[in-house]
Amino acid sequence: MIRPRRLPSCIALICALTVLPGCWDIKDINHRVLPIIMGISYSKDHKYKVSLQVPVPTARNIRILVVSAEAATLSKAISHLDMNIESNLDLTHMQLILFDRKVAEEGIQDEIAFAMRTQEIPMKALLAVTNEDMESFLRKTGNSVVQNGSSFMNFFNKNAGWDPQITLSALWQAFETIHSETKDIALPVIRAGTSTMLEFEGSALMSKDRMVGQIPPEQSLLVNIANNQIEDAVLEVTKSSSLLIVRNSTRHRGSIVDGRPVLHTRMQLSAIVKEKHDDKSEDEIASELTEQIRTRYELLYEKLLKAKSDPTGAGQHFRGLLPYEELTAWRERYYPRLILKCDVSTVIVNQGNISSN
Amino acid sequence: MQRNASRLPTYLFIVGTHTGLIFFLYAHATLRTTAYAHWQPAIVYICIEALCLFLLLAGLARVPGKDFADLFIPLGKVASLLLLAPLVAYFLLVSLMVMRSFAELVRIMFVANTPMWALLALLVLLFMFGAFMGGDSILRANVVFSALFLPVLLFALSSCFKNADFHYLYPLWNSSFDFLRKQEFYSSMFVVSPFLVIGMLPPLSPLRPRGVFLTMLPIWALCLIALHIPILVFGTPAARLLVFPFLATMDSVSLLWLVFDRVTLFYAVSIMAFVSVHASFLLWSIGRIVHKRFPKCPEKPVIAAAAVALFVWGLMIPGWDWLQNMLFWETWLRILAVFAIPAAVLWRGLILSRRRAAS
């Protein structure tokens, strides 16, 4: 009774076999090249110059290939590169999108939209800005990749060589903040190092899609502290001691006073004494650090407000306090007039194995 | 104990059909209805579904073991056709929409160059195969799928919270209720439609209204979560720009310790299982209804014809915008199916049970 019923389904299954194996439209891995860094800069003749750093596996080792193409659009440049490379270009393993400073200053909205639209470039790819010539940057860093295949990854990997000063921003975060009313990102500014692969110069302040300024590493550390992004210990040097900040918790609360936004920030730091010069008490050391962080944070905020850039997401804390129509005007009308009330407290966890010099 | 165990596939099936939509089209459909405070349209959808489900279950409970066709056919040739034809058309449209959207998702995600006909042929064959196996088998297959894929989906869902910024929940209140005046709100109402499959379940398995409602509670919670995850990660303005917000959100999660680089692949496979369950059941229901209304038409050729229609229709849609336009055009059909059919079921249930009590 069941047998004749099975015939159509058997035919259906066999038909499905023709499509299921997937031996179609797929290029084998040995016919693909997988670029890991894409650099976007402007060129004289055409609008864009796209440079790719492509690791090419050879018999023993890997060879780094740096290729560039100029075209009026990004996709045109990429397809131009694809044409000239003997294998198929596969962007699915892109790790970093590097913007030339001029591109970042002009605004990266279109570039980010392109990267989001393709679905080929992973949304987890990180973004960075450089002042250097793109091709020479890719070539120089390529040399260290040859020596250690994962050196580049480690620089940005929180489980490896990342340092708390380095701001991390992924493609999806750029997309988020370009369209967000109340949040921005800070992109790391990097250059090829002389002895190491990369050197961190500071962070690019973004206001929506435009780079509006740059802050030094010690200020970008504060951005990460304010965002609770410190997952690693970080050393701070005060007048009379060196302290290792091992834990940090920052809380923000927004309120509106007389039509002006007021941001209350509470930072709680836990530190370990590493070195001290004068014989100061724990309380004195703690208050030194507190004072130092607070003044520096206030200076940072002065800079941020002037640049209308909000990498610490201060505006997020006012979303519930302002009506939607006012929120869309947040950056122009409210953010520059923000008052910061910063409250830092430090706890000295211990002084190491000796109590006094 | 035995009785409860036998009902489990039914409840899982209700979860499965909803899952196929919630994790797939729900976020986009609801996000486009208004600019902020998206929980408002979501709650309205839930209320609509709860109300219509209540009507449907109240009707079905009075006449155990009968489905849509059994209830409407005694009304006479014309009246039954008037009620069943839109229902069949709507079932066909829903399966067309999920099939075509899924093909588009696969294309956007992995295989940009594969011709549409190949993707559609694979999906249609799969749905047809499922429908040929009959409703019982679909229910049983769904048990396996649920065991395999629901945990994967829930894992993917919870991993998205890593990137969430809860401040994006605000502003909470939109007093204008502008979504009620927008056509998008009505064309997105297909997200409540999976409850209609419950009307085909009674001959397969007895239903207990309380159990069905208890099953719906986690589903409704999932609706709200699935809608808000893209909002929390991308912020409302950016989330509204995404065609598959849920997919994008999952792509943004970077789990270095996970063996696989892209969680999205698992997501696509899991979604496909539930989409197939849903579409297969709809195709089977079409065959069932047509067969009962016109006993001369055997079920399988009807299912095959519906599948061919799906395939051809799916090929005729040139692109994503057309699919959205199609949603606009069939709004009236949707409102009819979602509101009129449950009301008619309740009315028939009342009459039949009263008649039985009188005799």
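## Exercises on a predicted two-chain model

In helix α8 of chain A, the buried residues pack against strands β9, β10, β11 (234-237), β12 (241-257) and β13 (260-276) and against helix α9 (282-307) of chain A. Contact here means heavy atoms within 4.5 Å; buried means under 20% relative accessible area, exposed over 50%, and partly exposed in between (1.4 Å probe, protein chains only). Helices (H or I, at least four residues) and strands (E, at least two) are DSSP runs, numbered from the N terminus.

The model is predicted: local features need pLDDT of at least 70 and side-chain atom pairs count only at pLDDT 80 or more, whereas totals for chains, interfaces and linings use all residues; side-chain values use heavy atoms, with hydrogens and water left out. Residues are numbered from 1 along each chain as its sequence is written, while chains are lettered from A and ligands numbered from 1 in the order in which they are written.

### Exercise 1. Helix α8 of chain A

Task: State how many residues of α8(A) are buried, and identify them.

Solution. 
- Step 1. Helix α8 spans residues 217-226 of chain A, and eight of its 10 residues are buried, which leaves the helix mostly covered.
- Step 2. The buried positions are Gln219(A), Ser220(A), Leu221(A), Leu222(A), Val223(A), Asn224(A), Ile225(A) and Ala226(A).
- Step 3. Just after α8(A), the backbone at Asn228(A) has a positive phi of about 55°.
- Step 4. For the setting, chain A has 11 helices and 14 strands, and 52% of its 357 residues count as buried.

### Exercise 2. The two domains of chain A

Solution. 
- Step 1. An automatic or database domain assignment supplies the bounds: domain 1 covers 28-215 and domain 2 covers 217-357 of chain A. The domain centres, taken over C-alpha atoms, are 30 Å apart. To the contact, domain 1 of chain A contributes 25 residues and domain 2 of chain A 29 residues.
- Step 2. Buried area is the accessible area (1.4 Å probe) that two parts lose on being put together, summed over both. Glu181(A), Thr182(A) and Ile215(A) account for 33% of what domain 1 of chain A buries against domain 2 of chain A, more than any other three residues.
- Step 3. A salt bridge is a side-chain nitrogen of Lys or Arg within 4 Å of a carboxyl oxygen of Asp or Glu. Two are found across this domain interface. Glu181(A) forms a salt bridge with Arg319(A), with 2.9 Å between the closest N and O atoms.
- Step 4. On the side of domain 1 of chain A that touches domain 2 of chain A, the elements giving two or more residues are β9 (198-207) and β10 (210-215) of chain A. Strand β9(A) gives the most to that side, with seven residues.

### Exercise 3. The interface of chains A and B

Task: Which residues and elements of chain A take part in the interface with chain B?

Solution. 
- Step 1. In this interface, 33 residues of chain A contact 37 residues of chain B.
- Step 2. The two chains bury about 3,100 Å² between them, 66% of it on carbon and sulfur atoms. Gln119(A), Lys124(A) and Trp172(A) supply 21% of the area that chain A buries against chain B, more than any other three residues.
- Step 3. One salt bridge is counted between the chains. Asp165(B) forms a salt bridge with Lys183(A), the closest N and O atoms lying 3.0 Å apart.
- Step 4. Helices α1 (3-19), α4 (109-118), α7 (171-179) and α10 (324-327) of chain A each give at least two residues to the side that touches chain B. Helix α1(A) gives the most, with eight residues.

### Exercise 4. His38 of chain B

Task: Is His38(B) buried or exposed, and which residues does His38(B) touch?

Solution. 
- Step 1. His38(B) sits in the loop between α1 (2-31) and α2 (39-62) of chain B.
- Step 2. The relative accessible area of His38(B) is 2%, so His38(B) is buried.
- Step 3. Not counting residues up to four places away in sequence, His38(B) touches Thr30(B), Leu31(B), Thr33(B), Leu227(B), Ile231(B), Thr236(B) and Arg240(B).
- Step 4. A polar atom of the His38(B) side chain lies 3.1 Å from the backbone oxygen of Leu31(B).

Definitions and conventions:
Polar contact = N/O pair within 3.5 Å; in protein donor to acceptor, adjacent residues only side chain to side chain.
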